[in-house]
Amino acid sequence: MVIILLITDCVNAKSRKRPNILFCIADDVSYPHMGAYGTDWVITPAFDRVAAGGVLFDRVYTCNAKSAPSRSAIITGRNSWQLEEACNHSPYFPSKFKSYPEVLEENGYFVGFTGKGWGPGIAKDSLGHDRKLVGKAWNQKKLTPPTSGISNIDYSANFREFLDARHADEPFCFWYGALEPHRGYEYGSSIRAGKNVNDIDSVPSFWPDNEVVRTDMLDYALELEHFDKHLEIILQILEQKGELDNTIIVVTADHGMPFPRCKGQSFEYSNHIPFAVMWKNGIKNPGRTARKLISVIDIAPTFLEIAGVAQESSGMQPITGVSFMDVLQDVPSGIVRDMLLLGKERHDVGRPDDEGYPIRAIIKGDYLYIKNFETDRWPAGNPETGYLNVDGGATKTEILNMRRRGENDYFWNLSFGKRGREEFYDILNDRDCVNNLINDLEYASKIDSMRHELTVRLIQQQDPRILGNGAVFDKYPYAGAVRMLWNRMQAGEKIEREWINETDDDPPME
């Protein structure tokens with residue numbers, strides 16, 4: 001009897017061991033560009049393994065499709081318009097907002113990251129000391145990258161060093177933040193690696209379907225596959241260490257691909273991101289697909305719940321997101337997940353006084369309603385500065401060249417032209433968001449309902465934009481070298497190519 005009790009106690013102690021948390025985030029990937037979603041021209045066996053061994057999420061969105069504001073929402077559990085300066089790209093992160101990795105470190109977790117963590121921007125505490133919003137950096141291990149556009153950081157080797165440095169009884173919280181497939185790309189690197197432009201089954205209807213665009217898409221795929229290869233090694237390391245079963249592994253991206261009408265905007269290809277979760281000790285009925293609407297603001301409360309940390313005692317500002325543990329455990333919870341909010345303020349510079357392009361939007365069921373607040377401004381940045389809210393690359397160059405040659409304004413209008421006050425899309429049947437139904441009487445009642453719900457929820461969240469103080473977002477200073485770039489350009493200052501979104505490997509301008 002004594003032996004049985006001792007064995008039982010050991011089993012209970014083992015089951016009480018806090019789970020490890022591994023968050024894997026690619027830089028700039030649109031849904032559905034992973035093999036598990038049926039995209040054959042991207043080879044992602046590691047992501048597919050996570051999906052097959054856990055839950056593949058079909059409808060996960062970032063609230064703001066740019067690196068810093070999206071990552072700010074992820075680590076705080078709050079929509080970007082609830083984060084003051086951190087709503088913008090390249091901000092000074094407010095000291096009042098605590099991150100979930102900071103909280104977990106205070107609660108006994110060994111915390112670190114490799115690659116890209118939170119950013120770009122500057123984060124200091126109230127005393128002016130640098131903050132580690134996602135933990136200590138582990139970036140010492142390097143490799144020879146397969147192309148000039150890929151980082152030389154050896155992500156998986158750094159993860160191994162991180163694990164080797166922790167105490168055996170410590171749970172860990174690690175952020176694997178690849179810098180891929182962020183631009184710039186080595187144009188044609190995918191073709192040299194054996195890919196073929198005919199591998200792509202379809203090109204989004206808002207781009208021209210030609211060899212230049214298809215090559216650009218394959219170069220993007222090649223970099224995404226680099227992210228996946230390191231994920232594969234990381235999974236192997238967890239198996240070798242005996243930690244795979246007790247680790248929740250979340251694999252996703254911060255926002256959509258770095259192409260026109262994607263990253264930095266507020267459409268399907270902007271905000272809809274891949275998302276898969278594996279956790280043998282915590283997921284029920286693995287191998288399924290979850291079709292509930294999930295926002296990135298739901299990640300932080302989920303991790304806190306998994307770690308056994310109460311939100312009320314965490315020291316974080318009130319969290320807006322809702323844990324999706326009910327989805328992982330496949331149990332009814334009464335939580336209705338049929339709606340989420342999107343928006344943006346100031347992203348990259350390129351307008352007078354570096355003004356932003358404010359948007360708020362709501363997804364409800366299969367529909368997307370968008371409100372554009374400053375329609376006299378250029379959505380992708382001003383023409384004279386190069387449409388700086390679209391990363392430089394072959395597809396951008398191709399669309400601009402087509403307009404210069406007088407061939408076709410259709411693609412230019414969709415990616416760079418000015419927009420109306422409101423937009424409404426049936427995203428089930430129009431994922432490309434090219435058929436604006438805002439004036440279609442058939443949808444008038446639904447548009448009214450979504451417009452009203454968007455306003456009500458933003459008021460509840462104390463959004464300055466909806467409360468009449470939206471100009472505050474344009475007054476927050478940029479951090480780092482990008483500061484007040486518009487004024488510097490107007491004064492004739494020579495600006496580094498990095499800030500004007502050009503790349504040397506694009507097809508030549510005509």
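In these legends, two residues are in contact when their heavy atoms lie within 4.5 Å, and every view is taken from a predicted model.

**View 1. The surroundings of W207 in the largest nonpolar core.**
Leaving aside its neighbours within four places in sequence, W207 is in contact with V213, M217, M257, F259, P260, C262, T395, I399 and F411. This residue is one of those with the most contacts inside the largest nonpolar core, which has 131 residues, and the others named with it are F57, Y100, F159 and I249. Helix α7, which covers residues 211-241, gives the most to this core, with 12 residues. A second, separate core of 14 residues includes Y61, L340, L342 and I359. In soluble globular proteins, nonpolar side chains tend to be buried together.

Is strand β8, residues 247-253, mostly covered or mostly uncovered? It is mostly covered, since 7 of its 7 residues are buried. In a regular strand the side chains alternate between the two faces of the sheet. In β8 both faces are covered, with T247, I249, V251 and A253 buried on one side and I248, V250 and T252 buried on the other. Strand β1, residues 20-26, pairs with β8 in the parallel sense over 7 bridges, and here F23 stands opposite V250. Strand β9, residues 272-278, runs antiparallel to β8 and is joined to it by 4 bridges, with F275 of β9 standing opposite T252.

Between β12 and β13 (residues 359-364) the antiparallel pairing extends over 6 bridges, and the bridge partner of K344 in β13 is I359.

The structure holds 33 aromatic pairs. In one of them, the rings of Y37 and F47 have their centres 5.9 Å apart and their planes at 40 degrees, so the pair is tilted. Y37 lies in the loop between β1 and α2 (45-53), whereas F47 lies in helix α2, 10 residues apart from it, and both residues are buried. Elsewhere, ring pairs link W41, F206, W207, Y220, F259 and Y269 into a cluster. The charged end of K136 sits over the ring of W138, 4.4 Å from its centre, and that of R346 sits over the ring of Y478, 4.0 Å from its centre.

**View 2. I319, a buried residue in a loop.**
I319 is found in the loop between α9 (299-307) and α10 (325-328). Why does I319 count as buried? Its relative accessibility is 15%, and buried means under 20%, so I319 counts as buried. Leaving aside its neighbours within four places in sequence, I319 is in contact with T76, G77, R78, P301, L304 and Q311. P204, by contrast, is 115 residues from I319 in sequence and 36 Å from it in space, C-alpha to C-alpha.

Notes. Residues are numbered from 1 along each chain as its sequence is written. This is a predicted model: local features need pLDDT of at least 70, side-chain atom pairs count only at pLDDT 80 or more; totals for chains, interfaces and linings use all residues. Side-chain values use heavy atoms; hydrogens and water are left out. Two strands pair if DSSP finds at least two bridges between them. Helices (H or I, at least four residues) and strands (E, at least two) are DSSP runs, numbered from the N terminus. Buried means under 20% relative accessible area, exposed over 50%, partly exposed in between (1.4 Å probe, protein chains only). Rings of Phe, Tyr and Trp (its six-membered ring) pair if their centres lie within 6.5 Å; planes under 30 degrees apart count as stacked, over 60 as edge-to-face and the rest as tilted. A charge sits over a ring if NZ of Lys or CZ of Arg is within 6 Å of the ring centre and within 35 degrees of the ring normal. A nonpolar core is a set of buried Ala, Val, Leu, Ile, Met, Phe, Trp, Tyr and Cys residues joined through side-chain atoms within 4.5 Å.
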